[in-house]
Amino acid sequence: MTTTIRNPLRLFAGAGVAALSIVVSQSSAFAHITLATGETRANTYYKAVLQVPHGCDGQPTQSIRVQIPEGVIGVKPMPKPGWTLNITRGAYAKTYQSHGKAVTEGPKEIVWSGGSLSDDNYDEFVFTSFISGDFQPGQSVYFPTTQKCAGGEISWSEIPAAGQSPHALKAPAPGVRIASDTTTMAQMDHGGMDHMHMSAPAATGGDTFKVGDLVVSSPWTRATPGGAKIAGGYLKITNNGKTDDRLVKATASISDRVEVHEMSMTDGVMKMRAVPEGLTIKPGETVELKPGGFHMMFMDIKQPLKQGDTMKATLTFEKAGSVDVSFNVGSIGGMSEPAHKH
């Protein structure tokens, strides 16, 4: 069973690639694909951030295929603008428990394809998961990954034998080590995922902007890799008035145009559509724009967004009028608002 998320860019604009095997050398030109967080615990959520530092022998990366090992369940990959996401599901070797329910099958493979990541650029591919209690402290969990490029592919799938160092391998699979229960969370970087329940954590301590009866809070966006042309925008809008209002327009100096989009699941297919009619905020309600739901898209951005910076934008509402807001820029793979600057 395969779930497909269509390429979002094909909503605005409409290449087969021959895969040739290449020999992976031990040259520094083949820096490994690795996981940004190299340690986690069993029986906890884990945010896997695959770091892709280069292409294949100078060629751009066009797909990333990740195998999900037994014992890693509840996998949810993050869509990437400009890439098609395919999820292959299958039966687990045993039954797992998740929130009091029996789980017998789930994602076994994730593929991001259809994009083009230049050999000169770096990017990250992200998914969330739950590491079951089948893994013991000191053990490593490996995610064999195939990187397909315009002129070949590299299989990062070698798993070290007992006592062998991964550094001795030519093409090691990305792996994460299981820490002991005595390891403090301050020593581990889970990107804020430890207490999540497969959804983005609530933003706290963000900036607030008022216009009429509306309150816009916690605007944020993600850093973008070099060469990226679009960026997402997230925030909350609360209507303290007695009548409906609508977000009808947004502009930003860094972007040629800004659109509001909605992501939804239909018959097992994740779809994204523009919302040209505007976003309605009813009296007494708060509408949240967040990853996986309503969100803003900054199209044709003129320069990369860097973590720690702010991005200025103007929101225009049908009744309340216009308000200038600042989007805090978080990490490339962030799932919630970055820590507030005091």
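**Close-up 1. Cysteine C56 is buried in this predicted model.** The relative accessible area of C56 is 3%. Buried means under 20%, so C56 falls within that class. C149 is buried as well, because its relative accessibility is 0%. These two cysteines are partners in a disulfide, shown in the next view.

**Close-up 2. C56 and C149 form a disulfide.** Their sulfur atoms lie 2.1 Å apart. The structure holds one disulfide. C56 sits in the loop between β4 (44-52) and β5 (61-67). C149 belongs to strand β11, residues 145-149. The pair therefore ties together parts that are 93 residues apart in sequence. What is the handedness of this disulfide? The torsion about the S-S bond is about 65 degrees, so the disulfide is right-handed.

**Close-up 3. Three strands form an open sheet.** Their order is β3-β13-β10. The pairing in this sheet is mixed. Which strands are at the edges? They are β3 (39-40) and β10 (140-142). Each of these edge strands pairs on one side only.

**Close-up 4. β10 and β13 run antiparallel.** Strand β13 covers residues 175-178. Three bridges join β13 to β10. V141 stands opposite V176, a residue of β13.

**Close-up 5. W220 and Y234 form an aromatic pair.** A search of the whole structure finds seven aromatic pairs, this one among them. The ring centres of W220 and Y234 are 4.6 Å apart. How are the two planes arranged? The angle between them is 40 degrees, and the pair is tilted. W220 lies in strand β15, residues 214-222. Y234 lies in strand β16, residues 230-239. Are W220 and Y234 buried or exposed? Both W220 and Y234 are buried.

**Close-up 6. W83, W112 and F125 form one aromatic cluster.** F125 also has a lysine over the face of its ring. Which lysine is it? The residue is K80, at 4.8 Å from the ring centre of F125.

Methods. Residues numbered from 1 in each chain as written. Predicted model: local features only at pLDDT ≥ 70, side-chain atom pairs only at ≥ 80, totals over all residues. Heavy atoms only, no water. Pairing = 2+ DSSP bridges. Helix = DSSP H or I, 4+ residues; strand = E, 2+ residues; numbered from the N terminus. Disulfide = S-S within 2.5 Å. Buried < 20%, exposed > 50% of the residue type's maximum accessible area, 1.4 Å probe, protein only. Phe/Tyr/Trp six-rings, centres within 6.5 Å; stacked < 30°, edge-to-face > 60°. Lys NZ or Arg CZ within 6 Å of the ring centre and 35° of its normal.
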